[in-house]
Amino acid sequence: MISDSMRALFDKEVAKYPAEQRISAVMACLAIVQKEDGYVSAEREAEIAAYIGVEPIAVHEVTTFYNMYNQKPVGKYKLNVCTNLPCQLRDGTNALHYLEKKLGVRMGETTPDGLFTLQQTECLGACADSPVMLVNDRTMCSFMSNDKLDQLIDGLKGATS
């Protein structure tokens with residue numbers, strides 16, 4: 001159920017749009033839910049849809065289109081590796097496979113300690129810097145050689161201990 005504090009945040013976002021365009025606030029509402037819960041469940045999608053006044057599929061389409069919305073709990077560090085063609089041509093897929101081996105998980109999985117979730121992503125718009133990845137939907141990492149991947153993972157592990 002949507003809490004009063006969450007509803008107040010939703011109200012603030014929806015107020016930015018004309019009444020007939022309430023759906024425009026869906027991304028902001030999803031971000032609010034994710035910030036509070038850590039991910040967006042199907043139940044939360046349905047609650048947002050009911051609040052905005054649209055069918056649940058309209059919210060689900062947004063949730064599943066963007067990598068920034070987690071549909072299940074993720075690790076403390078979400079690693080999105082670009083595997084679009086320019087990055088593939090410059091070792092993006094190799095970077096993904098290297099991280100799978102290093103972390104002991106497959107793409108889409110979370111390490112048993114809950115630290116890392118490994119995902120692939122579409123173009124991050126930094127093709128000249130490939131291979132690239134995004135950490136926690138905020139920090140872009142460029143030219144990710146195996147050595148740089150090792151440094152990143154070791155640094156994130158060190159920041160946690």
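Select Glu47 and Arg44: both belong to helix H3, three residues apart, which is about one turn of the helix. Helices here are DSSP runs of H or I with at least four residues, strands are runs of E with at least two, and both are numbered from the N terminus. An α-helix has 3.6 residues a turn, so residues three or four places apart point the same way.

The side chains of Glu47 and Arg44 meet in a salt bridge, at 2.9 Å from N to O. The term denotes a side-chain nitrogen of Lys or Arg within 4 Å of a carboxyl oxygen of Asp or Glu. Arg44 is buried, with a relative accessible area of 12%. Buried means under 20% relative accessible area, exposed means over 50%, and partly exposed lies in between (1.4 Å probe, protein chains only).

## Basis of the model

The model is predicted: local features require pLDDT of at least 70 and side-chain atom pairs count only at pLDDT 80 or more, while totals for chains, interfaces and linings use all residues. Residues are numbered from 1 along each chain as its sequence is written, and side-chain values use heavy atoms, with hydrogens and water left out.

Colour the chain by pLDDT, the predictor's confidence in each residue on a scale from 0 to 100. The mean over the chain is 94, and 99% of its residues reach 70 or more. Where is confidence lowest, and where is it highest? The lowest mean, 88, belongs to helix H5 (residues 85-89), and the highest, 97, to helix H3 (residues 42-52).

Next, select Asp137 and Lys78, which form a salt bridge with the closest N and O atoms 2.9 Å apart. This pair links distant parts of the chain, 59 residues apart: Asp137 lies in the loop between S3 and S4, and Lys78 in strand S1. Lys78 counts as buried, at 2% relative accessibility.

Move to Asp150 and Lys102, another salt bridge, whose closest N and O atoms are 3.2 Å apart. Here too distant parts of the chain are linked, with Asp150 in helix H7 and Lys102 in helix H6 (residues 92-103), 48 residues apart. Lys102 counts as partly exposed, at 31% relative accessibility. How many salt bridges does the structure hold? The structure holds six.

Select helix H4 (residues 56-65), in which Val59, Val62 and Thr63 are buried. These residues cover an arc of only 100° around the axis, which puts them on the same side of H4; the arc is that of the directions from the helix axis to the C-beta atoms. Helix H2 (26-37) and H3 are among the elements that cover the buried residues of H4.

Turn to the face of H4 directed away from its buried side, which carries the exposed residues Ile57 and Phe65. Phe65 also belongs to a nonpolar surface patch with Met27, Tyr66 and Met68, the four together having about 370 Å² of accessible area. Such patches join nonpolar side chains (Val, Leu, Ile, Met, Phe, Trp, Tyr) within 5 Å, taken from residues with over 30% relative accessible area and no salt bridge. Accessible areas come from the Shrake-Rupley method with a 1.4 Å probe. Met68 lies in the loop between H4 and strand S1 (77-82) and counts as partly exposed, at 33% relative accessibility.

Select Tyr39, in the loop between H2 and H3. Tyr39 counts as partly exposed, at 26% relative accessibility. Leaving aside neighbours within four places in sequence, Tyr39 is in contact (heavy atoms within 4.5 Å) with Val33, Gln34, Asn70, Gln71, Lys72 and Pro73. The C-alpha atoms of Tyr39 and Val74 are separated by 7.6 Å, although the two residues are 35 apart along the chain.

Most residues other than glycine have a negative phi, and most peptide bonds are trans. Select Ser130 and Pro131: the peptide bond from Ser130 to Pro131 is cis, with omega near 0°. Pro131 is placed in the loop between strand S2 (116-121) and strand S3 (133-135).

Proceed to Asn136, in the loop between S3 and strand S4 (139-141). Its phi is positive, near 55°, and Asn136 is partly exposed, with a relative accessible area of 30%. Finish at Phe143, in the loop between S4 and helix H7 (146-160). Phe143 has a positive phi of about 50° although it is not a glycine.

Technical notes. Patches are made of residues with over 30% relative accessible area and no salt bridge: like charges are joined within 9 Å, nonpolar side chains (Val, Leu, Ile, Met, Phe, Trp, Tyr) within 5 Å.
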